[in-house]
Amino acid sequence: MTDSNRPGVILFNPWATSRPRVPNSILHLAAALGDTFHVELVDGNREPDPWKVIRSLLVSGRFRYFACTVMPGPQLQQAVPVTQQVRKKFPDIVTIWGGYFPSNQPEAVLRSPWVDYVIDGPADTSFPQLLAALEVNGPVDQVPGLILLRDDAVVRVPRGPIPDPDDVAALPYALLSKRYSMDGYLPRRFLGRRTHAMHPSFGC
């Protein structure tokens with residue numbers, strides 16, 4: 001299936017630091033989606049104006065979903081206004097937040113007019129399941145870790161099991177390097193001129 005025939009997903013990593021690190025959170029989501037969806041990664045740590053990039057992607061009409069990982073603190077300062085713009089300019093786009101902040105404050109997030117769904121916990125299984133259900137207008141009640149509003153009440157679907165690290169798909173670094181030079185993620189450190197941090201576990 002060509003990119004033009006696959007539903008599109010934008011995965012956004014909001015700004016958190018002036019010293020960018022490889023955005024593992026959105027890379028894991030991209031890996032979980034595999035070839036089923038056309039995925040574009042936008043890293044707020046590398047973009048002077050991420051909304052400009054996201055808007056240009058949405059204007060193409062190829063994207064149905066906007067997903068954003070959000071930690072408390074600096075990421076909120078960019079995640080909120082960008083998500084507001086997505087809803088204001090492209091109201092038909094489904095918006096999904098994940099990460100520490102929406103998992104702990106789902107009511108504040110879902111009662112805003114900008115976010116449709118929150119995924120609580122590891123999204124390697126739940127994120128593809130949610131998109132698959134939405135693609136066929138099916139029920140989402142069984143998507144593990146999903147949090148949503150129903151009849152003005154916040155509903156939490158129980159989390160699924162933590163994925164076995166040996167079963168997680170390889171991270172698609174080639175997808176990241178399509179938009180960003182990998183040198184920007186390899187800072188000079190006392191260990192060498194080009195260093196890369198590794199995360200051998202799930203979560204914080």
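Which hand does the crossing of H2 and H3 have? The crossing of H2 and H3 is right-handed, meaning that the near helix is turned clockwise from the far one by less than a right angle. Keep in mind that this is a predicted model, where local features need pLDDT of at least 70, side-chain atom pairs count only at pLDDT 80 or more, and totals for chains, interfaces and linings use all residues. Residues are numbered from 1 along each chain as its sequence is written, and side-chain values use heavy atoms, with hydrogens and water left out.

Here are the two helix pairs; helices (H or I, at least four residues) are DSSP runs numbered from the N terminus, and axes are lines fitted to C-alpha atoms over the stretch in contact, with angles from 0 to 180 degrees between N-to-C directions.

| Pair | Angle | Axis separation |
|---|---|---|
| H1 and H6 (residues 126–135) | about 55° | 9 Å |
| H2 (residues 50–59) and H3 (residues 74–89) | roughly 25° | within 11 Å |

That angle makes H2 roughly parallel to H3, a label for angles under 35 degrees. On the H2 side, Pro 50, Trp 51, Ile 54 and Leu 58 meet Gln 78, Val 82, Gln 85, Val 86 and Lys 89 of H3, with contact meaning heavy atoms within 4.5 Å. Sorted by type, this contact has 6 nonpolar, 2 polar and 1 charged residues; Ala, Val, Leu, Ile, Met, Phe, Trp, Tyr, Cys and Pro count as nonpolar, Asp, Glu, Lys and Arg as charged, and the others, Gly among them, as polar.

Now for the other pair. The crossing of H1 and H6 is right-handed too. Leu 29, Ala 32 and Leu 33 of H1 touch Phe 127, Pro 128 and Leu 131 of H6. That contact of H1 with H6 comes out as 6 nonpolar, no polar and no charged residues.

Definitions and conventions: Parallel < 35°, antiparallel > 145°, perpendicular 65-115°, else oblique.
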